Amino acid sequence: MGLRERKKEKTRLALLDAALDLFLEQGYETTTVEQIAGVVDVSSRTFFRYFSSKEHLALWWHDHGEEIMQDCLRDRPLDEPPFTSLLHCVRAVIADMRNSTPEDTDRFLKVRKLYESNPTLVGRAVARGSLTELRLVEEVARRTGRDLATDQLPALMVGFAMAAMRVGFECPGQEITDLAELTGRMEATLVVVEASFRPGWDLAA
């Protein structure tokens, strides 16, 4: 990464950190793009070079996770059972979280806290997650030669995998303050999912 790219990444992360702090301090709905940009001492025009809206910024984790899963899925062997490939992709997201910097760890936990206090934002996160699921379904169908117009299996596989990740990440009714605890719960959820299906179900004709 060259000097220009490092400077751009530094600005992007500064905007992200400023936004998460403002969202938690004064509320997501009342925080403006101008306020976020002001904390970083950049213009609103500069803000929009990095994020299309404050919602885009608040859903940062979804963009990051989707990129990891798409890259992982493209790298999996074509003859591997598709659901197995998807679980490898979910585990790639978990591994990324476990290997994150202290700063990224703080961001993950702030995002969770933000969602817990903003039901409206949770709905938007679900909608964003649905877009990720659609893209993964299309990739699974392409890899397996299935026709989505007549075959529901790719959508069911992706739905199960994403539900497992979502349940593990959201931890309903629990206050999670440690990333190791969060990723441990996510992995435990995957283990439950794997034990719930008969061997070879994702190779069904």
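Q: Why is Thr-32 called partly exposed?
A: In this predicted model, Thr-32 has 32% relative accessibility. Buried means under 20% and exposed means over 50%. The value lies in between, so Thr-32 counts as partly exposed.

Q: Where is Thr-32 placed?
A: Thr-32 is in the loop between helix H1 (3–26) and helix H2 (33–40). Thr-32 and Thr-183 are 151 residues apart in sequence. In space, their C-alpha atoms are 32 Å apart.

Q: What makes H6 and H9 roughly parallel?
A: Helix H6 (residues 82–98) and helix H9 (residues 153–170) pack at an angle of about 25°. Angles under 35 degrees count as roughly parallel. Therefore H6 and H9 are roughly parallel to each other. Their axes are 9 Å apart, and H6 passes H9 in a right-handed crossing.

Q: Which residues of H6 and H9 meet?
A: From H6 come Pro-82, Phe-83, Leu-86, Leu-87, Val-90, Val-93 and Met-97. From H9 come Met-157, Val-158, Phe-160, Ala-161, Met-165 and Phe-169. The residues of this contact divide into 13 nonpolar, no polar and no charged.

Q: How do you know that the span of H6 agrees with its 17 residues?
A: At 1.5 Å a residue, H6 should span 24 Å. Its end C-alpha atoms are 24 Å apart, which agrees.

Q: What do the buried residues of H6 pack against?
A: They pack against helix H5 (60–75), helix H7 (102–116), helix H8 (119–144), H9 and helix H10 (179–195). Among the buried residues of H6 are Ser-85, Cys-89 and Ile-94.

Methods
Residues numbered from 1 in each chain as written. Predicted model: local features only at pLDDT ≥ 70, side-chain atom pairs only at ≥ 80, totals over all residues. Heavy atoms only, no water. Axes fitted to C-alpha atoms, helices over the stretch in contact; angles between N-to-C directions. Helix = DSSP H or I, 4+ residues; strand = E, 2+ residues; numbered from the N terminus. Parallel < 35°, antiparallel > 145°, perpendicular 65-115°, else oblique. Left-handed = near helix turned anticlockwise from the far one by under 90°. Contact = heavy atoms within 4.5 Å. Nonpolar A, V, L, I, M, F, W, Y, C, P; charged D, E, K, R; others polar. Expected span 1.5 Å × (residues − 1). Buried < 20%, exposed > 50% of the residue type's maximum accessible area, 1.4 Å probe, protein only.
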